[in-house]
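Here is a short briefing to read alongside the sequence and the model. Have both open, and we will walk through the main features together.

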Amino acid sequence: MAGQIQSRLEELGISLPEGPAPVANYVPYVVHGSLVFVSGQIPFVDGELSYIGTVGDDVTLEEGQSAARVCALNVLAQVKAACDGDLDRVTRCVRLGGYVNGSADFKQHPQVMNGASDLMVEIFGDKGRHARFAVGAGNLPAGVAVEVEGVFEIA
Amino acid sequence: MAGQINTRLQELGLALPTPFISQANYIPYVQTGDLLFVAGQGPMRDGGPGSIGKVGGAISEDDAYEAARLTGLNLIAQANHACDGDLDRVVRCIRLFGLINAVPGFTNLLQVMNGASDLMVEVFGDRGRHARSTIGAVALPHDMTIEIDAIFSIA
């Protein structure tokens, strides 16, 4: 039987990707007690990197928000793997971190990161309300516009 | 008797640097329960910075990889101090966060950060496999090439 969160994803028309495999000598997540630490995720869509560029320059604010949402979906795919496929075990999204490759005068990092934060609340309701930071990065891996990491609590 | 990890360090020909203590109002690590939060470390060698400058500029990618490895060694030195010299008490390297001082347009950040990740796995084996986030920074303190902070779990 599908879990509540799985049903919610279907209502929202969201299918989670397979969590991208790390490209080096680290792992996509570490479970410590009830906490899951998820590595920074970049905007892979169907195994292809998307949203390459700089927000405020060749990437619009709206595209940056979409990129943050895609990164957050990849974060959730890793959390799902950590929960053996049962997202109902998520008791809280504790913290998200957002890194935005913005142009030198770009200041709307929080608005970009809302793409990730809104997704968590859409999916998990109050359990999706998290602490957060959003900062500008000089560069990001492979030249992507946004990277998102997270800490989750699971049962 | 030397512990397993100390023996491993010797096999690898690695000597831990003297743990760096800032003159500012923070401390190199805080332990809460079995979690050890280590403050951001730089590529310190013999009490001074071992790599100054931006990767993609004055610093080559290979040299930046070595700076990441040296910074990882400084993180292990702090963990060693926290464990009263017994690194066998390290249960897991949970998470690394890498800030890399890079020229605009340099995007091989993951390759640089691998210097620290590879070291953790060489030294701690599976216990060294961590979650990780990596970003490029526009500038870092003293123009250090890289800064990394870490969370370990210790027994």
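In which sense do strand 5 of chain B and strand 7 of chain B pair, and over how many bridges? They pair in the antiparallel sense, over nine bridges. Two strands count as paired if DSSP finds at least two bridges between them, and helices (H or I, at least four residues) and strands (E, at least two) are DSSP runs, numbered from the N terminus.

This is a predicted model, in which local features need pLDDT of at least 70 and side-chain atom pairs count only at pLDDT 80 or more, while totals for chains, interfaces and linings use all residues. Residues are numbered from 1 along each chain as its sequence is written, and chains are lettered from A and ligands numbered from 1 in the order in which they are written.

**Confidence**

- Chain B has a mean pLDDT of 96, and 99% of its residues reach 70 or more; pLDDT is the predictor's confidence in each residue, from 0 to 100.
- For the model, ipTM is 0.93 and pTM is 0.95.

**The sheet of chain B**

- Five strands of chain B form an open sheet in the order 1-2-7-5-6, with mixed pairing.
- Strand 1 (29–32) and strand 6 (131–137) of chain B are at the edges with a single partner strand each, so one side of each has no neighbour in the sheet.
- On average, neighbouring strands of this sheet are turned by 15° against each other, direction ignored; axes are lines fitted to C-alpha atoms, for helices over the stretch in contact, and angles run from 0 to 180 degrees between N-to-C directions.
- Helix 2 (residues 61–82) of chain B packs on the sheet and touches strand 1, strand 2, strand 5 (90–101) and strand 7 (146–154) of chain B. The direction of helix 2 makes about 35° with that of strand 7 of chain B. Contact here means that two residues have C-beta atoms, placed from the backbone, within 7 Å.

**Pairings in chain B**

- Four bridges link strand 1 of chain B to strand 2 (residues 35–41) of chain B in the antiparallel sense, and B:Thr32 has B:Leu35 in strand 2 as its bridge partner.
- The hairpin of these strands of chain B has two residues between the strands, and B:Gly33 takes a positive phi near 60° there.
- Strand 2 of chain B also runs antiparallel to strand 7 of chain B, joined by five bridges; B:Val38 is paired with B:Ala150 in strand 7.
- Opposite B:Cys93 stands B:Phe152, in strand 7 of chain B.

**The sheet of chain A**

- Chain A has an open sheet of five strands in the order 1-2-7-5-6, with mixed pairing.
- Strand 1 and strand 6 of chain A are the edge strands, each with a single partner, so each has one side without a neighbour in the sheet.
- Strand 5 and strand 6 of chain A run parallel and are joined by six bridges, with A:Ala134 in strand 6 as the bridge partner of A:Gly98.
- Helix 3 (residues 109–124) of chain A lies across strand 5, strand 6 and strand 7 of chain A, at about 165° to strand 5.

**A residue on the edge strand**

- A:Ala131 lies in strand 6 (residues 131–136) of chain A.
- Is A:Ala131 buried or exposed? A:Ala131 counts as exposed because it has 10 C-beta neighbours inside 10 Å. The cut-offs are 20 or more other C-beta atoms within 10 Å for buried, 12 or fewer for exposed, and partly exposed in between, with C-beta atoms placed from the backbone.
- Leaving out residues up to four places away in sequence, A:Ala131 touches A:Val94 and A:Arg95.
- A:Ala131 and A:Gly97 are 34 residues apart in sequence and 8.7 Å apart in space, C-alpha to C-alpha.

**The nonpolar core**

- The largest nonpolar core has 90 residues, and those with the most contacts inside it are A:Cys71, A:Ala72, A:Val146 and B:Ile100. Such a core is a set of buried Ala, Val, Leu, Ile, Met, Phe, Trp, Tyr and Cys residues joined through C-beta atoms within 7 Å.
- Helix 2 of chain B gives the most to this core, with 11 residues.
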